[in-house]
Amino acid sequence: MSGIHFKDVIKRFDHHIVVDHLNLKINQGDILGLLGPNGAGKSTCIHMLCGLLPIDYGDITINDISVKQHVLEAKKLIGVVPQHIALYDHLSAEENVTFFAKLYGLKGNQLKENVANALQFVRLYDLRHEKITRFSEGQKRRLNIACAVAHNPAYLIMDEPTVCIDPQSRNHILESVKELNKQGTTVIYISHYIEEIKVLCNQIAILDHGQLIANGTKKELLSQLDLHEKVYIQVSSLMNSAAKEELENHMQVSNVLWENQQLEITLQSAQLILQDILFLLSKYEISVQSLHIEKVDLETLFLNLTSGTSHQ
Amino acid sequence: MRHIALISKNELLQVFRSWPLALIIFALPFMLIFIISMTSSVNIMIYEEGYVETKSTMQSTHSGAEPTIASTTNENTLSINEINVEQVTALSPLQYYTASTLVTCILFQGLGAAISIIDERKDKTFTRLRMLPMKTSTILTGKLVGNALICLIQSLWIIMISTLLFQVDWGQHIEILTITCLLTICISMLIALHVTFLFQSVKVIYSFFYTFIIVMTFISGGMIKDLSNQLEFIGSYTVHHWAFKSLLQGMLDYHILEAMYHIIPLMGTAMMLYIIALIGYRKVDFYK
């Protein structure tokens with residue numbers, strides 16, 4: 001069975017449970033976005049997957065290879081882009097990529113070809129002979145990625161790869177991830193930027209207190225929750241009881257608040273009934289001065305599930 | 001083996017591409033030996049009395065800034081187990097202090113290895129290496145082998161410049177010199193490894209090495225020859241003492257079996273440190 005499988009994984013630090021009975025399956029070809037507040041256990045999961053930390057209970061399998069029993073075999077299948085830039089200052093860009101690729105066992109022509117491809121992939125081929133001390137933060141981040149992909153891993157784990165970089169470099173990294181995924185690489189992407197996860201990932205897992213609290217596509221996650229959108233309308237008149245009652249009776253509307261000239265309507269989907277609301281208001285000769293829709297998005301979902309908490 | 005070779009090569013590149021480090025490795029020993037050679041005439045004055053008293057029992061020595069003090073007899077009437085003050089006088093001060101400098105430099109190279117490991121942990125490259133398909137012991141071995149090679153190059157440099165530029169005679173028994181240097185390098189690297197297990201701060205490691213090595217060099221007679229009996233007694237149980245005295249025996253053309261008196265404790269220390277490292281590294285939390 002291909003893919004990465006977390007099977008009832010538990011990790012404790014002293015007596016504190018950091019990862020609590022985690023069951024998660026990442027299918028081959030997916031881009032999984034791993035979300036969670038600080039201290040939720042995201043990095044611990046990744047570090048167990050990479051063999052940095054022992055697994056206390058349960059197991060993680062990569063293409064059915066147990067990380068617990070055959071960690072070196074399992075590690076050969078993955079490439080890791082660490083959260084921090086982990087490169088050697090005394091080496092050039094090309095030497096850095098070559099060093100890591102050699103440690104993955106690449107040799108000869110294949111090594112040269114893969115190193116060149118990795119550098120071209122992150123658009124640093126022209127700077128391959130430059131010492132990395134002359135590189136910008138964004139260029140270093142891209143080189144950090146090149147070092148992780150040079151051996152063409154089946155699974156790529158990216159731990160907040162876009163921290164502290166400019167929007168251009170971020171866009172380039174996101175494009176690179178999409179491109180890698182098109183070529184068949186399965187990606188686990190950890191980020192605090194929900195926008196990135198939204199754009200990039202077809203599967204989202206949310207961790208909190210070491211537990212998996214949500215897992216699925218964005219659509220699936222939003223439908224699982226009874227979340228509502230809100231429409232704020234600045235109207236010309238004070239409260240009109242008849243209009244309010246009619247609004248409240250609408251099937252899609254959950255609640256109506258009318259204070260002074262401010263109307264707040266809580267509903268399932270503003271897109272579906274916005275026309276109905278405007279028609280109803282015009283029927284009572286209430287003119288609309290301004291309108292604002294508060295949509296339910298991934299961020300609302302995330303904050304709702306995790307109660308906006310940070311555990312560190 | 002391939003992984004160890006790659007990591008060792010990276011260590012060598014790291015040192016030789018950094019001119020301050022290369023300067024310390026090559027220029028510092030040269031400067032030390034140069035200063036010793038400049039002050040050697042003063043030292044000879046100190047030794048002259050002892051030399052006169054003991055010259056009939058000394059083995060030949062062919063070098064030194066003051067050839068008139070060298071003995072011409074080939075008889076070796078010294079005890080094989082120890083070299084006392086009188087015996088040392090058969091060596092030129094330049095020989096004596098160059099041997100001490102060599103041992104001190106080898107031991108100090110352990111500091112380089114320790115700093116390299118700590119820096120790599122700090123820069124997160126160590127964590128990245130641990131994510132690759134190889135064991136942590138392989139990474140550590142690679143780093144230590146790399147630093148041991150640097151240490152070996154530095155030792156060869158010291159022996160070469162002291163022989164060619166300052167006419168220091170290292171004796172006829174090259175095997176004593178080789179074994180002593182290799183064992184001291186092993187011990188130095190293993191001390192470095194243990195220190196990184198115990199401490200995470202570069203400042204603490206610096207303080208530890210400076211204190212440890214300077215005190216050890218001093219009490220083993222590597223700085224001042226005439227020490228009190230108590231200090232000499234304590235000094236006789238140090239790595240510096242065994243390595244230093246073994247080198248001096250080599251310079252005095254002792255047979256290797258006679259030099260074993262000092263080489264065996266070096267072997268024992270290296271073995272003991274290796275075994276402790278094997279047990280200890282599994283308990284180190286590299287994740288911290």
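Chain B brings 23 residues to its contact with chain A, and chain A brings 31 residues (contact means heavy atoms within 4.5 Å). This is a predicted model, in which local features need pLDDT of at least 70, side-chain atom pairs count only at pLDDT 80 or more, and totals for chains, interfaces and linings use all residues. Residues are numbered from 1 along each chain as its sequence is written.

**The interface**
- About 2,600 Å² is buried between chain B and chain A, 64% of it on carbon and sulfur atoms. Buried area is the accessible area (1.4 Å probe) that two parts lose on being put together, summed over both.
- The rule finds 11 residue pairs in polar contact across the interface of chain B and chain A, both residues at pLDDT 80 or more. A polar contact is a pair of N or O atoms within 3.5 Å; within protein, one must be able to donate a hydrogen and the other to accept it, and residues adjacent in sequence count only if both atoms are side-chain atoms.

**The chain B side**
- Two elements of chain B, α1 (2-16) and α5 (125-130), each give two or more residues to the side that touches chain A. Helices (H or I, at least four residues) and strands (E, at least two) are DSSP runs, numbered from the N terminus.
- α1(B) gives the most to this side, with eight residues.

**A:Leu207**
- A:Leu207 lies in strand β9 (residues 203-208) of chain A.
- A:Pro37 is 170 residues from A:Leu207 in sequence, yet 7.7 Å away in space, C-alpha to C-alpha.

How values were computed:
Chains lettered and ligands numbered in written order. Heavy atoms only, no water.
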